[in-house]
Amino acid sequence: MAHLTFNLRVTKFCNADCDYCSSWQADASTKLDPGSAVEYLEFIFSEVLPKLRLECTSATVLYVGGEVLAYPAHDFKALTLLVRRFFDSKNVALLDGVQSNFIGSQRRVESLVDLFDGRVGTTDPGQGGLRKVDGSDDRYRRIFDDNFKVIRANPRAGLIYTLSSGCLLYTSDAA
């Protein structure tokens, strides 16, 4: 019996243009097809796990990008529901969550909280000015802070928060 962790990279594209990352240069149309994700999982369960003599009884799935908010909302929900159905069909206990930069509409951020029952993660943008939207670190900060307030206002959001050394000096009004 084993617990497995899957990171599903739904897109390489990102809606921000941060100095340290090239994801914003990726093709926005390149995305993980929901049907293909299930095919990949089926391959792991039918071919890989038996060869390793492993039986998966529980799993964690983390949806990552690029940026998940750059993935079309309807397709993302369909992907998530298909993956959940897959694990359910295998009688595997599943806990899933999502990593986002929160650069999107408040409605989209709220939909992530709803879809994952609050299991959302982010990384603090810090104060170094490296994270940008349309070349502006102030724009990134404003969008992030507004959406972070949405997360904090939701009683179900059990935020997973990733810190880096660059954010240790930053104190947000939203935090």
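I call a residue buried under 20% relative accessible area, exposed over 50%, and partly exposed in between (1.4 Å probe, protein chains only). The model is predicted, so local features need pLDDT of at least 70, side-chain atom pairs count only at pLDDT 80 or more, and totals for chains, interfaces and linings use all residues. Residues are numbered from 1 along each chain as its sequence is written, and side-chain values use heavy atoms, leaving out hydrogens and water.

**Salt bridges.** I searched the whole structure and found seven salt bridges. Each is a side-chain nitrogen of Lys or Arg within 4 Å of a carboxyl oxygen of Asp or Glu.

I looked at D96 and R119 next. Their side chains form a salt bridge, 3.0 Å from N to O. D96 lies in strand β3, and R119 in the loop between α3 (106-115) and β4 (120-123), 23 residues apart. D96 counts as buried because its relative accessibility is 4%. R119, at 24%, is partly exposed. R84 joins D96 and R119 in a network of salt bridges.

I then checked K90 and E42. Their closest N and O atoms are 3.2 Å apart. K90 sits in the loop between α2 and β3 (93-99), and E42 in helix α1, 48 residues away.

**Helix pair.** I took helices as DSSP runs of H or I, at least four residues, and strands as runs of E, at least two, numbered from the N terminus. How do α1 and α2 cross? Their crossing is right-handed, meaning that the near helix is turned clockwise from the far one by less than a right angle.
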